[in-house]
Amino acid sequence: MSSGRKKRIMIACVTFETAKVSEPIEYYEINKAHIIHYAKNPQDGESIYASFYNRVVELIDEISPKIEIVEHNEKVYRFSDMLRTVLEIIQSERNENPDCDIYVNISSGSPEYAAASAIASMMMVGTIPFSVNSQEYTVAEDRIKDVYFIDGKPVGLTKKAKEPLILPYYDIVKPEEHLVRGLRVMYERIESRLPVTSGPMIAELKKRNIWYRDIVENPDNKSNKRQTEAVYYQRDFIGKWVKYGWIEKDELRGKYVLTPKGKDIVNTFYTLPSTEE
């Protein structure tokens, strides 16, 4: 690989494929590969799932032992987990290497990963989603060993892959960062049984650099400042959280609580610490 070239990152998922993961790494001259897979018991190297992951690692090492491999053991059958994982990887790489090229392989792994990785890559400007079609298949038999293995080695349904195809890009707007991080503040305070009225919430938002309203304080009228901030809090946060269906009023307690959608939002987006907090 020539010196001075941008760092090239690839994200992929391994279930029962090897060629669709390893060959694009060579094609795009990847420096660092994030490989997502799931093993209920990571120490069980004899499981079918572990054998496919281990074979992919072997194939990458054959391409170049200098390629950095980062393992992510996540539940590949959960869409929300896959969306969170891919977004975290992209965000962490962007934080570390703002100019790197990030390729997202949407053809490997589970259907949930494929859908989540496509959506995540379209949310994050500058990522490159691609697909890989099969050029040559393994022989399909009734038994899994005959379907996915050749000479005792895991191969998958695809014996030989075609060249990767860059996908068309469509903008998908992510939720605004300050709204998600602010909602997480509310969620954490609710879970810790701390007050979530406007005063304590505004103070915590300011502490974490999530509050963006700059109010010039009049020393003779601090009460008016508090009232103005409460209005902004309702307008900038509460109103939008309600509009998006992230929070709702608990009529019995008269307090706002997160909806299931709101909990999914805080568990999926901007999960890494902000550089400004």
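**Close-up views of a predicted model**

**Figure 1. Lining of the largest pocket.** The residues that line the largest pocket comprise nine nonpolar, three polar and three charged (nonpolar: Ala, Val, Leu, Ile, Met, Phe, Trp, Tyr, Cys and Pro; charged: Asp, Glu, Lys and Arg; polar: the others, Gly among them). The model is predicted: local features need pLDDT of at least 70 and side-chain atom pairs count only at pLDDT 80 or more, while totals for chains, interfaces and linings use all residues. Residues are numbered from 1 along each chain as its sequence is written, and side-chain values use heavy atoms, with hydrogens and water left out. The largest pocket holds about 370 Å³ of space (a pocket is an open set of points on a 1 Å grid over the protein atoms alone, with protein on both sides within 12 Å along at least five of seven lines; lining residues have an atom within 4 Å of a point). Among its 15 lining residues, Leu-194, Pro-195, Val-196, Lys-255 and Tyr-256 are the closest to the centre. Two or more lining residues come from each of H6, H8 and strand S12 (255-258) (helices, H or I, of at least four residues and strands, E, of at least two are DSSP runs, numbered from the N terminus).

Figure 2. One cavity of 30 Å³ or more is counted (a cavity is a set of grid points where a 1.4 Å probe fits but cannot get out; points are joined across faces, edges and corners, and a volume is the space filled by probe spheres set on them). The largest cavity has a volume of about 40 Å³. Its lining consists of Leu-87, Gln-91, Met-124, Lys-174, Phe-269 and Tyr-270. By class, four of these residues are nonpolar, one is polar and one is charged.

**Figure 3. Nonpolar cores and the surroundings of Tyr-233.** The largest nonpolar core contains 44 residues (a set of buried Ala, Val, Leu, Ile, Met, Phe, Trp, Tyr and Cys residues joined through side-chain atoms within 4.5 Å). Ile-11, Ile-36, Met-186, Tyr-233 and Trp-241 have the most contacts inside this core. Elements that each supply at least two of its residues include strand S1 (8-13), helix H4 (111-123), helix H6 (177-191) and helix H8 (222-243). A second, separate core of 21 residues includes Met-10, Val-14, Ile-35 and Ile-60. Beyond its neighbours within four places in sequence, Tyr-233 is in contact with residues including Met-186, Val-196, Trp-211 and Trp-241 (contact: heavy atoms within 4.5 Å).

**Figure 4. Arg-84 in helix H3.** Arg-84 is found in helix H3 (residues 79-96). Arg-84 counts as buried because its relative accessibility is 16% (buried: under 20% relative accessible area; exposed: over 50%; partly exposed: in between; 1.4 Å probe, protein chains only). Apart from neighbours within four places in sequence, Arg-84 is in contact with Glu-74, Asn-267, Thr-268 and Thr-271.

**Figure 5. Two loop residues with positive phi.** Most residues other than glycine have a negative phi. Arg-193, in the loop between H6 and H7, has a positive phi near 60°. Arg-193 counts as exposed because its relative accessibility is 79%. Asn-209 is in the loop between H7 and H8 and has a positive phi of about 60° although it is not a glycine. With a relative accessible area of 46%, Asn-209 is partly exposed.
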